[in-house]
Amino acid sequence: MSYKIVGKYIKNLNFNIPNPKTFFTLSENISNYKITFDIKSTQIKEKIIEVVTSLNLLPLKDNFEKIDTNIIFSTIIELETNITDKKEIEKIVLIDVPTKIYPELRKIFIFIFENSGFKNINISEKVDFNELYEKKI
């Protein structure tokens, strides 16, 4: 492995259902929402990078009530000293780290939904971050 995770934490968590109508709409039409990801990184110091992964639930159509659900998860990684190739670092940040932390992020997201009255939340167990990366380039 060309990096190691030295820390991870929930940086920010938003879960806002504005009213009962939205709650019932979401309960009945959860399949009309999709999960989106955003991944950013910041170099903290030499060979130390913070990878910030955001997970959101958004309606597929504009006519649905919007809820504000967002988890921002920070993963701090340390690169091996011999890594200098920017493409390799990019793949670590956009593929390797999200793949590694996604199960934990998914578990948190499901926990919040289930404890808010949504028992049948279905969020994919696997996300192919390599495929998302390939589509991006």
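Student: How many residues of the chain count as buried, as a percentage?
Tutor: In this predicted model, 40% of the chain's 137 residues count as buried.

Student: And the accessible surface, what does that come to?
Tutor: About 8500 Å², with 49% of that area belonging to carbon and sulfur atoms.

Student: What are the spans along the principal axes?
Tutor: The C-alpha trace covers about 55 × 30 × 20 Å.

Student: OK, secondary structure. How many helices and strands?
Tutor: The chain has three helices and four strands. Read from the N terminus, the order is β-α-β-β-β-α-α.

Student: What share of the contacts joins residues at least 24 apart?
Tutor: That share is 71%, counted among contacts between residues at least 6 apart in sequence.

Student: Pick a residue in β3. Where does L55 sit, and is L55 buried or exposed?
Tutor: L55 belongs to strand β3, which covers residues 48–59. Its relative accessibility is 0%, so L55 counts as buried.

Student: What does L55 touch?
Tutor: Leaving out residues up to four places away in sequence, L55 touches I35, T36, F37, T69, N70, I71, Y102, L105 and F109.

Student: T69 is on that list. What is the C-alpha separation of L55 and T69?
Tutor: Their C-alpha atoms are 8.2 Å apart, and 14 residues separate the two along the chain.

Student: Which elements supply at least two lining residues each?
Tutor: β2 (33–45), α2 (86–114) and α3 (129–136) do. β2 gives the most, with five residues. Two of the residues closest to the centre, I35 and F37, are also contacts of L55.

Student: Now the other end. Where is S2, and why does S2 count as buried?
Tutor: S2 is in the segment before β1, the strand spanning 3–16. S2 has 16% relative accessibility, and the cut-off for buried is under 20%, so S2 counts as buried.

Student: What is S2 in contact with?
Tutor: Setting aside neighbours within four places in sequence, S2 contacts E78, L79, E80, I83, E88 and I92.

Student: Last one, charges. How many positive and negative side chains?
Tutor: There are 20 positive and 19 negative side chains. The centres of the two sets are 2 Å apart.

Key:
Residues are numbered from 1 along each chain as its sequence is written. This is a predicted model: local features need pLDDT of at least 70, side-chain atom pairs count only at pLDDT 80 or more; totals for chains, interfaces and linings use all residues. Side-chain values use heavy atoms; hydrogens and water are left out. Buried means under 20% relative accessible area, exposed over 50%, partly exposed in between (1.4 Å probe, protein chains only). Contact means heavy atoms within 4.5 Å. Accessible areas come from the Shrake-Rupley method with a 1.4 Å probe; for residues, only the protein chains shown count as cover. Lys and Arg count as positive and Asp and Glu as negative; His and the chain ends are not counted. The place of a charge is taken as NZ of Lys, CZ of Arg, CG of Asp or CD of Glu. On a 1 Å grid over the protein atoms alone, a cavity is a set of points where a 1.4 Å probe fits but cannot get out, and a pocket is an open set with protein on both sides within 12 Å along at least five of seven lines; lining residues have an atom within 4 Å of a point.
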